[in-house]
Amino acid sequence: MQETPVGNVRALYRYPVKTTAGQALRTSAVTDRGLLHDRRWAVYTDDGGIASGKRTRRFRPVPGLMQWSSVVEDNGMDTDAAPLLLSPDGLSYRADDPAASRALSAAFGRELTLRPESAVGHHDETPLHLVTTSSLAALEGMVGGAVDDRRFRANIVIDTGSQPAFCEDDWVGAELVLGGGVLLRLGEGMPRCVMIDQAQAGIPAGTKALTLLGTHHSTEFGLQAHVLRTGMLRIGDPVTLRRSGKA
């Protein structure tokens with residue numbers, strides 16, 4: 001088994017209500033379904049679809065939803081805690097209060113309902129996804145300016161220092177050890193859609209990232225990941241790549 005240090009945890013984000021702006025964390029429990037509270041709630045449309053920035057079998061576009069935010073108060077360790085939904089004008093609602101669904105419906109002029117996850121999962125591809133600072137720097141070079149890491153709505157940002165652009169492409173299929181015990185199985189690259197160029201709370205709309213990634217990197221950015229071993233994760237934790245049968 002070969003182990004190679006690849007960086008440190010630079011940022012952690014969870015999105016307690018899917019497709020809303022998320023919550024930056026200093027520490028988080030990692031569960032079988034990803035960061036605790038991540039995307040546990042979602043907004044549903046009247047046909048049973050999950051509100052998103054795109055249209056698929058599960059998802060329905062609700063433009064503007066990313067201008068709303070969601071947080072879990074206190075230390076977030078209560079697994080049953082309902083998040084707070086925050087409107088663009090600063091009003092807050094508990095997700096399990098019918099007033100939250102009424103406020104969304106009024107704001108968007110359509111019937112919308114907040115629900116916790118049930119049999120249908122809320123995550124797009126995998127329970128976790130990550131991006132690296134090396135790839136963020138490469139994209140900034142293409143765009144010609146700063147790129148906010150929150151635009152990609154990843155859970156984990158890894159500071160990979162001076163490693164080459166898209167270094168994580170070589171990690172596919174390997175394992176990643178984070179901190180003292182969290183273990184991830186790395187999957188394929190994360191496919192991107194129009195959401196990365198849309199405005200989010202605190203982030204203006206962009207017009208280049210998706211096109212540039214389509215031209216230079218198969219419209220992928222970051223990696224999908226599954227949880228093999230749960231634990232606690234903190235900003236600054238070391239990150240080690242683990243793979244077998246490779247010199």
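These are my notebook entries on a predicted model, taken up one region at a time.

**Ground rules**

I number residues from 1 along each chain as its sequence is written, and I work with heavy atoms for side-chain values, leaving out hydrogens and water.

**Entry 1: the largest pocket**

I looked up the largest pocket and found a volume of about 300 Å³. A pocket here is an open set of points on a 1 Å grid over the protein atoms alone, where a 1.4 Å probe fits, with protein on both sides within 12 Å along at least five of seven lines, and lining residues have an atom within 4 Å of a point. The volume is the space filled by probe spheres set on the points, which are joined across faces, edges and corners. Of the 22 lining residues, Arg39, Asp124, His129, Phe152 and Arg192 are the closest to the centre. The elements giving two or more residues to this lining are β12 (128-132) and β15 (182-191); strands are DSSP runs of E with at least two residues, helices are runs of H or I with at least four, and both are numbered from the N terminus. By class I noted eight nonpolar, six polar and eight charged residues in the lining, with Ala, Val, Leu, Ile, Met, Phe, Trp, Tyr, Cys and Pro as nonpolar, Asp, Glu, Lys and Arg as charged, and the others, Gly among them, as polar.

**Entry 2: the largest nonpolar core**

Nonpolar side chains tend to be buried together in soluble globular proteins. Buried means under 20% relative accessible area, exposed over 50%, and partly exposed in between, with a 1.4 Å probe and protein chains only. Of the 24 residues in this core, Leu128, Ile156, Trp171, Leu176, Leu178, Leu184 and Leu186 touch the most other members. Elements that each supply at least two residues of this core include β1 (2-14), β14 (175-178) and β16 (220-229). For Leu178, leaving out residues up to four places away in sequence, I listed contacts (heavy atoms within 4.5 Å) with Val9, Ile156, Leu184, Leu233, Pro238 and Val239.

**Entry 3: two buried serines**

Ser70 sits in strand β8 (residues 69-71) and counts as buried because its relative accessibility is 0%. The side chain of Ser70 reaches the backbone nitrogen of Val17 at 3.0 Å, a polar contact, that is, a pair of N or O atoms within 3.5 Å, one able to donate a hydrogen and the other to accept it; residues adjacent in sequence count only if both atoms are side-chain atoms. Beyond four places in sequence, Ser70 touches residues including Tyr15, Thr20, Gln23 and Leu84.

Ser52 belongs to strand β6 and is buried, because its relative accessibility is 1%. A polar atom of the Ser52 side chain lies 3.5 Å from the backbone nitrogen of Lys54. Neighbours within four places aside, Ser52 is in contact with Thr19, Phe59, Arg60, Pro61, Val62 and Met195.

Most residues other than glycine have a negative phi. I noted that His37 has a positive phi near 80°; His37 lies in the loop between β4 (34-35) and β5 (41-45) and counts as buried at 3% relative accessibility. Arg153, also not a glycine, has a positive phi of about 55°, is found in the loop between α2 (133-143) and β13, and is buried at 6%.

**Entry 4: two helices**

In helix α1 (residues 98-108) I found Ala99, Ala100, Ser101, Ala103, Leu104 and Ser105 buried, with β5, β9 (84-86), β10 (92-94) and β11 (112-116) included in what covers them. Just after α1, Gly109 takes a positive phi of about 65°.

In α2 the buried residues include Thr133, Leu136 and Leu139, and what covers the buried residues of α2 includes β1, β12, β13, α3 (209-216) and β16.

**Entry 5: a partly exposed loop residue**

Val120, in the loop between β11 and β12, is partly exposed with a relative accessible area of 40%. Neighbours within four places aside, Val120 is in contact with Tyr44, Ile50 and Arg58.

Key
This is a predicted model: local features need pLDDT of at least 70, side-chain atom pairs count only at pLDDT 80 or more; totals for chains, interfaces and linings use all residues. A nonpolar core is a set of buried Ala, Val, Leu, Ile, Met, Phe, Trp, Tyr and Cys residues joined through side-chain atoms within 4.5 Å.
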